[in-house]
Amino acid sequence: MIQNLSFALLLGFLAGQIPTAPGSAPTRYTVTGIVLTPDGRPLAYTAISAENETDTVYSSATGEFSLGISQRCVTLVATHLSYGTLREQNVCSGQKVSLRFPAEEFKEAMEFQQISLAMTKSRQSLPSSPSYAPASAPYSGAAPRLMGEPLQGWNTEEYGHIQDNRFRKVGDDPLSTFSIDVDAASYSNLRRFLKNGQMPPADAVRIEEMVNYFTYDYEQPNGEHPFAVYTELGPCPWQPKHNLLAIGLQGKRIPAENLPPSNLVFLIDVSGSMDQPNKLPLLKASFKLLADQLREQDRVAIVVYAGAAGLVLPPTPGSDKQAIKAAIDKLEAGGSTAGGAGIQLAYRIAKENLAKNGNNRVILATDGDFNVGISSEGELVRLIEKERESGVFLTALGFGMGNYKDHKMQELADKGNGNHYYIDEIEEAKKVLVREFGGTLFAIAKDVKLQIEFNSAKIQGYRLIGYENRLLAKEDFNDDQKDAGEMGAGHTVTALYEIIPVGVETNLLGSVDPLKYQKEPSSSGPQSASREWLNIKLRYKEPQGTESRLLEKPVAGPAKLLNTTSENFRWAASVAEFGMLLRQSEFKGEATYAHCYQLAQSAAAKESDTHGYRREFLQMIDTAMKLGKPELNADKN
């Protein structure tokens, strides 16, 4: 399939730059090397690309890199947040090149960063009303971009603080309520850190998004509801005296030819902060992959924003791929970031072309660094909450590093009845926009909530692993006005609870003094005679519905032994264990990287790992083992 070729090769082939024999694949070349600081030290976290090509790699912790190129000799471009941009001409395949940033480049970059920061503070907001730009003209931000501006000063990435869910005593809190989460941005973002030889910040690690990055082998639903609920109870790998409950949801798969027509608006950030190899060039390549998935009945428009917002492609049939890709090709970066104006215009275009009973969605692609007009998180969230009432969903695609605003992107997707992904490389774009096209863009249910009631006769305490940003009050479960997560076609969602059975000694639940006016719960009653551990309730709405529907499923019977649990169970447990290690969670128990690796290896069946995602996860554990604390590397006794 031509879409499986790298995007750089495809461009070269169309331009006639890569000679090919009939039926043969284009020739690929490789250039290797090392990146050095001005004083000769290896430099990690440097983006390396060939001029006029889209593939980008990053130097490792030892400064080394290996880049695939489509021509024998190229000009290499190296970009680092602190050292600026360096070009090395006439670098040829087979050559090992040394890229050393000059001291003058570093000094100049620092000076311009200071000027850029001062200029950003002094800029006045441009008019807030959206305007249209000519569809035939290249579009870039109106404000001139200073040389140092793309570097965005020092690392200003932002992550919302996450406080691990604590153990709750069933006698005090028998109900646990939360919204589902199908986002996967955290996983690909932390993969980016590990590939660059760095441990991710603790707040960048959202365990539920790590677990849900992977698909699980749950059976397809066969009843009236658009998804089925599966449960499995086994031992907790990092706390042997505890149990682990896995709850799995499987969304109904819909063949591509049966998906409803789409009304899509690509909302693309072309501000100066996007002028880096792993931002706008990768974004453009990703959206071209998405364009290849569109059908004649689909419609797509393109809105861009920088200092102001503009329409660069009016609603166009999905079959006119040449026009869509030509509009994408013309995008250039420069200027400040009026994200609020862009969002308003995108939703306006989507509402004007609403597809009845179809898939209406704005796809926002940005680093999240809004700084002009409506830019505060509160203002943007209120804008999104207002716009979602129109029936238009939101998908947020994050790009770049150094100034990535993860928390803002997550908030916008959550409040916009949408999902959030981080695109760190072209392979991730293929996963999100090609292989999981239906799940990413087509909702089969919205406002999906779960409420679990635990039986105090069998369980004394529980802890929901992850989902800290998705917790709901118990009253929210029956409130159809309360927003919750959406589920896409074919999506799987998995949630894990660590459970402390009755009779297990623990200091994880704490204690309070006896209450004077309240009665202690009775140890007798129907719950004490029941074989049930807990009862699961689930509510959801149809994508365009306003009233929720209810499902219910009890969990009974003995817990399995670990070696008799499913691959689904063991894989999800290993990913959660890895997340707790990366977060240095106080609840990691006896977890180690070595044990986590063994557990994952026992569930990484090669025949089901078609695209190598599970093999890659094992490599990530190995990398973290080398970068992390030595005491977490030893195997369990």
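**Figure 1. Arg191, Lys195, Asp424, Glu425, Glu428 and Glu616 are joined in a network of salt bridges.** A salt bridge is counted where a side-chain nitrogen of Lys or Arg lies within 4 Å of a carboxyl oxygen of Asp or Glu. By this rule the total is 34 salt bridges. The model is predicted, so local features require pLDDT of at least 70 and side-chain atom pairs count only at pLDDT 80 or more, whereas totals for chains, interfaces and linings use all residues. Residues are numbered from 1 along each chain as its sequence is written, and side-chain values use heavy atoms, with hydrogens and water left out.

**Figure 2. A salt bridge connects Glu51 and Arg87.** The N to O distance between the two side chains is 3.0 Å. Glu51 is located in the loop between strand 2 (47-50) and strand 3 (56-58), and Arg87 in strand 6 (residues 84-92), so the contact ties together parts that are 36 residues apart in sequence. Helices (H or I, at least four residues) and strands (E, at least two) are DSSP runs, numbered from the N terminus. Glu51 counts as partly exposed, with 33% relative accessibility. On this scale, buried means under 20% relative accessible area, exposed over 50%, and partly exposed in between (1.4 Å probe, protein chains only).

**Figure 3. Arg470 and Asp414 form a salt bridge between buried residues.** The closest N and O atoms are 2.6 Å apart. The pair links distant parts of the chain, 56 residues apart: Arg470 belongs to the loop between strand 19 (459-465) and strand 20 (485-488), and Asp414 to helix 9 (residues 406-415).

**Figure 4. Asp622 and Lys626 meet in a salt bridge within helix 15 (residues 613-627).** Their side chains approach to 3.2 Å, N to O. Asp622 is partly exposed, at 30% relative accessible area, whereas Lys626 is exposed, at 65%.

**Figure 5. Strand 7 (residues 96-100) has alternating side chains.** Strand 1 (residues 29-36) pairs with strand 7 in the parallel sense over 5 bridges; two strands pair if DSSP finds at least two bridges between them. Val35 stands opposite Leu99 of strand 7.

**Figure 6. Asn417 and Gln584 have positive phi values without being glycine.** Most residues other than glycine have a negative phi. Phi of Asn417 is near 50°; Asn417 occupies the loop between helix 9 and strand 17 (419-422) and counts as buried at 8% relative accessibility. For Gln584 phi is about 55°. Gln584 sits in the loop between helix 13 (567-583) and helix 14 (593-601) and is partly exposed, with a relative accessible area of 35%.

**Figure 7. Asp217, Glu219, Glu567 and Glu607 form a negative surface patch.** Patches consist of residues with over 30% relative accessible area and no salt bridge, like charges being joined within 9 Å and nonpolar side chains (Val, Leu, Ile, Met, Phe, Trp, Tyr) within 5 Å. Asp and Glu count as negative, and the place of the charge is CG of Asp or CD of Glu. Accessible areas come from the Shrake-Rupley method with a 1.4 Å probe. Glu219, in the loop between helix 4 (207-211) and strand 10 (227-236), counts as exposed at 59% relative accessibility.
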